[in-house]
Amino acid sequence: MQSEQIPNKPSIMIYSYPHPGCENKLRELQAGMEEEGVPYALLTAENNNVVVLAYQGAQVSPLGVGVGIGPAGMCIHYHKLPENQPLFVLEGEGTARAWRRFGYNAARLVKGLPFKENTKEETAVAADQMSQLYASVREIVLKVLQESAQGHGGVNTWSKTP
């Protein structure tokens, strides 16, 4: 699972699967934890499932908090939660701001402080992405309906004949 020894001192356990861009994610994550004043330990993982990595980190962390980092995202887990119910999951690449917020939130979990939420800018970007997705799906559905009405879509399943 890991290539280093698990430390005995109280720390958040970060399990990181090596991949391109990992160093940038780690730098921001660690900066968030350092700004909150909570120590961490870094271990290299052979698995790239961030939920599994975070859960395993939480189970061995003296503070009960684990973070998993992989090419497809990032995850924060707490040792008292079921394995398949992590606290936070970042799917996809993410941004430097999101990675740092993960560091803040992992540390704030240890300290018992409220979590930092997405910024208005990040929320607006997510809303814009959903609007684009909705528009794309709408175009596809309209095209399929139009082709079906013209007889190009195969059997028309919407009209009922007696």
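Student: Where does β4 pair with β5, and in which sense?
Tutor: This is a predicted model. In it, β4 and strand β5, residues 88-91, pair in the antiparallel sense over four bridges.

Student: Which residue is the bridge partner of Gly73 in β5?
Tutor: Glu91 is the partner of Gly73 there.

Student: And β3, how many bridges join it to β4?
Tutor: Six bridges, and the two strands run antiparallel. β3 covers residues 65-70. The two form a hairpin, with two residues between them.

Student: What stands opposite Gly66?
Tutor: His77, in β4.

Student: Is β4 mostly covered or mostly open?
Tutor: Mostly covered: of the six residues in β4, which spans 73-78, five are buried.

Student: New topic. Which residues touch the most other members in the largest nonpolar core?
Tutor: Leu29, Val67, Ile69 and Met74, out of 19 residues in that core. At least two residues each come from β1 (12-16), α1 (22-36), β3, β4 and α3 (96-111).

Student: Which of them gives the most?
Tutor: α3, with six residues.

Student: Why would such residues sit together?
Tutor: In soluble globular proteins, nonpolar side chains tend to be buried together.

Student: Back to Ile69. What is it in contact with, leaving aside neighbours within four places in sequence?
Tutor: The contacts of Ile69 include Ile14, Leu26, Leu29, Val50, Leu53 and Met74.

Definitions and conventions:
Residues are numbered from 1 along each chain as its sequence is written. This is a predicted model: local features need pLDDT of at least 70, side-chain atom pairs count only at pLDDT 80 or more; totals for chains, interfaces and linings use all residues. Side-chain values use heavy atoms; hydrogens and water are left out. Buried means under 20% relative accessible area, exposed over 50%, partly exposed in between (1.4 Å probe, protein chains only). Two strands pair if DSSP finds at least two bridges between them. A nonpolar core is a set of buried Ala, Val, Leu, Ile, Met, Phe, Trp, Tyr and Cys residues joined through side-chain atoms within 4.5 Å. Contact means heavy atoms within 4.5 Å.
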